[in-house]
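Me: I would like to go through this model with the definitions in hand. Please keep it brisk.

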Amino acid sequence: MTAGDGLSYLVGEERSLRELLLDSEVLPLLKGVVAAGAGSARLVSEEGEVLWIAGGPAGGASLLAELPILLEGERLARLLISGEEARLKEIAPCAELLRVALNAVLRNNLKRMLTTEIHTTVVNSSHQELVEMNRELSMSEARYRELAGNLELRVKERGAELRRAHAHILQQEKMAAIGQLAAGVAHEINNPLGFITSNLHTMQKYVSRFCVMLQFYRNLNPGLPAEARAEGDRKWQELKLPQVMADVGDLMSESLSGAERVSRIVADLKGFSHLDDAGEMPVDLNEELERTLTVLSHALSGRVKIVRELQELPSITCQPQLPGQIFLNLIQNALTHAGVTPTITLGSMFDGKRIRISIADNGPGVPQALRGQIFEPFFTTLPVGSGTGMGLAVVYEAVLKLGGALAVADAPAGGADFIITIPTGKDQPDVQVLGTF
Amino acid sequence: MIEYDEKERRLVLKLVYYGPALSGKTTNLLQLHEQLTRQGRGELMVLDTSGDRTIYFDLLPFFLTAPSGLRIKVKAYTVPGQVCHDATRKAVLQRADGVAFIADSHPGEAESNFASFDNLEQNLSLVGLDIDAVPLVVQFNKRDLPEAIAEQEIRNSWGPTGIPVTMASALNGPGVIETFSTLAGLVYDRIDARLRLEATHGLSRGEFVGQLSCLRDDGSEGEP
């Protein structure tokens, strides 16, 4: 079988004589016999094809020898030697010699070819294995590189997460500390304030009695001797008692109302911090708004115009410090960004399902491009050091805890309008809809 | 697998002697060459060796003609047993039509036998052959060793596999022909099913095996 049949071994493929023997190997041998006296020497395949020939055509002369050429036990060709019959005796041994020589060459060539084949095959497959190994190593390297790259990203993500959580905790702790301080101060002020108020009340009573008595003596004045009367008048004027008498009542009542205001502020401070309350309780959001305004009164008074557009609201059940956190941060935010003559508009309404609270300022408003970011922790438009960037993030978290939604819009008169929508417990499905904000 | 060319009326079969290093694969072929008749058998071709160890392979070809004129060449190869020549083993194992696994009867070689058989299974599957489908004979060689594992023990462990097991002493001759003819028979069964050797080509199992394993008449023929 010749090569190219499509059926072939990788090693030990069947070979034809033409593939195994070279002209330069066969022809000198054949020519040798001819030189020794034969007419012609031919190597003819089993199919009758003349493969190699030396000497003249065989015509006329008789066939002196016909010997088989074997390859792997199979007869592949015949060695034909023709010449004059008289020379048979000399030619026959030459022919046998030629056969042995050809078979030896054939075997050696086959052996060399097989060795080359197997060697090439082994080298090739080793090469392929190395290439494959290289490919797998490259892939594995790429995989590890990718893992390493991802790892860096994951570390960054985790780092950011940690920073956010840390800032959040800081903010909450800050709120808690403020609350605690407020509650502590409130408690300490309450005691002295108690007896101040009580004493003021008593003193008001006593002073009015003094005044009644003074007036009584004054009324006796016309009945006195002229000298004494003049002395009395002079003293009365010298001590400016007419003004004192007119003023003292107001002084007392003003002091009392001042003390009452202090006591109200203290109560609001305590209420705002809600330190005494645990768990959830019904909360009126309007009340919480007012309370927050009281807490912030130092920053608001005189300077800021507060517009209230409040409607009556049903109470919601929640952790009582949450609304305070929301309103404090939003109003502070409004104060920071409000215009030259600051105006803050507080609105609340209830549509039967949801409570809607809006806190609007008359500042520049929030640019459309920033609206996605402002609720992210650390986002701030203030100069470094002025804002933590946590205020609105805390608001966002707190609103989520209430099951509500927070959005920012443009106020009707310009400025930012933060709108909080909180479902009341009565209509649960809306909670879910809003929760997807 | 079977290399068959209907147009050329030729069939080439490949038998591979596999097994651990120094188990006697080449000795098997030498013994076959020694014992079988020269008629229809080619010369044993021993490719380059290194210190008498096979590094490529040995090849003993056989040639026979079926009554139909189909020319059949059977080539028996050995593989190098040493672990380092795995690529050569794989190359020789390609398209094998039958495998004789030559195991070493020395008790100390049990592990090498096992490793080599494992390697055979793995390499067969790498060249796309299924060890359950390839005709396979296991020969336990070196039965002449005094410490050789007991035959009963071997039969007990190999019996359940259904693989034919032969006992041999390749150095002295016994068992070598038996192994070869058993494998030849199995290969015949396999190709007869596909090529209908008996029905189409008039070649019976007995004739096929007989011609391949025909013993030399003592002294009747010498080497050329």
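Me: What makes β1 (residues 40-45) and β2 of chain A a pair?

Reply: Strands pair if DSSP finds at least two bridges between them. Strand β1(A) and β2(A) share five bridges, in the antiparallel sense, so they qualify as a pair. L43(A) stands opposite W52(A) in β2(A). This is a predicted model: local features need pLDDT of at least 70, side-chain atom pairs count only at 80 or more, and totals for chains, interfaces and linings use all residues. Residues are numbered from 1 along each chain as its sequence is written, with chains lettered from A and ligands numbered from 1 in the order written.

Me: Why is one side of β2 (50-55) and of β3 (62-71) of chain A without a neighbour in the sheet?

Reply: The open, antiparallel sheet runs β2-β1-β4-β3 in chain A. β2(A) and β3(A) stand at its edges with a single partner strand each, so one side of each has no neighbour in the sheet.

Me: Which strands does helix α2 (residues 23-35) of chain A touch?

Reply: Helix α2(A) packs on the sheet, touching β1, β2 and β4 (74-83) of chain A. A contact means C-beta atoms, placed from the backbone, within 7 Å. The direction of α2(A) makes about 40° with that of β2(A). Such angles run from 0 to 180 degrees between N-to-C directions, along axes fitted to C-alpha atoms, for helices over the stretch in contact.

Me: Which strands does helix α3 (residues 88-220) of chain A touch?

Reply: Helix α3(A) packs on the sheet against β3 and β4 of chain A. Its direction makes about 20° with that of β3(A).

Definitions and conventions. Helices (H or I, at least four residues) and strands (E, at least two) are DSSP runs, numbered from the N terminus. Two residues are in contact if their C-beta atoms, placed from the backbone, lie within 7 Å.
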